[in-house]
Amino acid sequence: MTKTTHPKTTATMVLAALAAGLLAMIVAYTPASARTVADAKPPRVTEVRPAEGAMGVSPLDRCCPSEGHRVVAFFSEDMRPASAMLSIELYKKGSDTLEDGTMGYNAAQRKVTFWPPNPLERGVTYKAVVSTRAKDLAGNRLDQNRDRAGLQPKVWYFTVEE
Ligand SMILES: [Ca+2]
């Protein structure tokens with residue numbers, strides 16, 4: 001005895017199999033996409049010290065009067081420490097010469113600190129930069145202005161007291 005399958009039944013079975021497969025794909029896809037939302041948002045600097053445009057900044061740090069005034073920046077999200085702790089650049093306004101300093105990154109506070117080895121110079125306006133080398137954990141580089149094309153560093157100025 002030969003067994004035959006009605007063509008219509010076959011078509012229905014195929015459709016059902018396709019639908020089941022599609023459903024399985026959707027079921028499999030949904031939780032996966034929820035788990036792995038890619039972080040494409042660039043980090044930015046949310047706060048700096050000395051404050052932007054500050055005048056009369058002490059050449060020594062109030063926290064530790066024997067030390068040069070620290071330059072500090074806070075990030076909007078967790079950063080790759082190795083990139084964050086190299087991200088501050090300090091210049092005298094109008095100069096391209098990097099000021100010496102050592103840097104450290106506090107991951108819990110999302111805070112990078114730059115310690116100048118000497119007191120800052122009296123009466124000098126400094127330009128501080130958090131460069132676009134700083135990356136978040138997903139590898140997105142700092143972009144201080146998302147409304148402008150390309151990556152913008154955080155740049156600010158402050159002036160040391162006479
Ligand atoms: Ca930008």
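These legends go with close-up views of a predicted model.

View 1. If you walk along the sequence, you pass through the elements in the order α-β-β-β-β-α-β-β-β-β-β. Of the 162 residues in the chain, 21% are buried. Now think about contacts between residues at least 6 apart in sequence: 68% of these link residues at least 24 apart.

**View 2. Zoom in on the cis peptide bond that runs from R49 to P50.** Its omega is near -10°. You'll find P50 in the loop that connects β1 (45-49) with β2 (60-61). For background, most peptide bonds are trans.

**View 3. This one shows R110, a residue other than glycine with a positive phi.** The phi value is near 55°. As a rule, most residues other than glycine have a negative phi. Look for R110 in the loop between β6 (102-106) and β7 (111-115). Is R110 buried or exposed? R110 counts as buried because it has 20 C-beta neighbours inside 10 Å, and 20 or more is what the buried label asks for.

**View 4. Here we look into the largest nonpolar core, a group of 19 residues.** The residues with the most contacts inside this core are A73, A84, I88, V112, V130 and A134. Which elements give two or more residues to the core? They are β4 (71-75), β7 and β8 (125-130).

**View 5. Last stop: A73 and the residues it touches.** Skip the neighbours within four places in sequence, and A73 is in contact with V45, V48, I88, V112, V130 and K154. A73 is also one of the residues with the most contacts inside the largest nonpolar core.

Conventions
Residues numbered from 1 in each chain as written. Predicted model: local features only at pLDDT ≥ 70, side-chain atom pairs only at ≥ 80, totals over all residues. Helix = DSSP H or I, 4+ residues; strand = E, 2+ residues; numbered from the N terminus. Buried ≥ 20, exposed ≤ 12 C-beta atoms within 10 Å, placed from the backbone. Contact = placed C-beta atoms within 7 Å. Core = buried A, V, L, I, M, F, W, Y, C linked by C-beta atoms within 7 Å.
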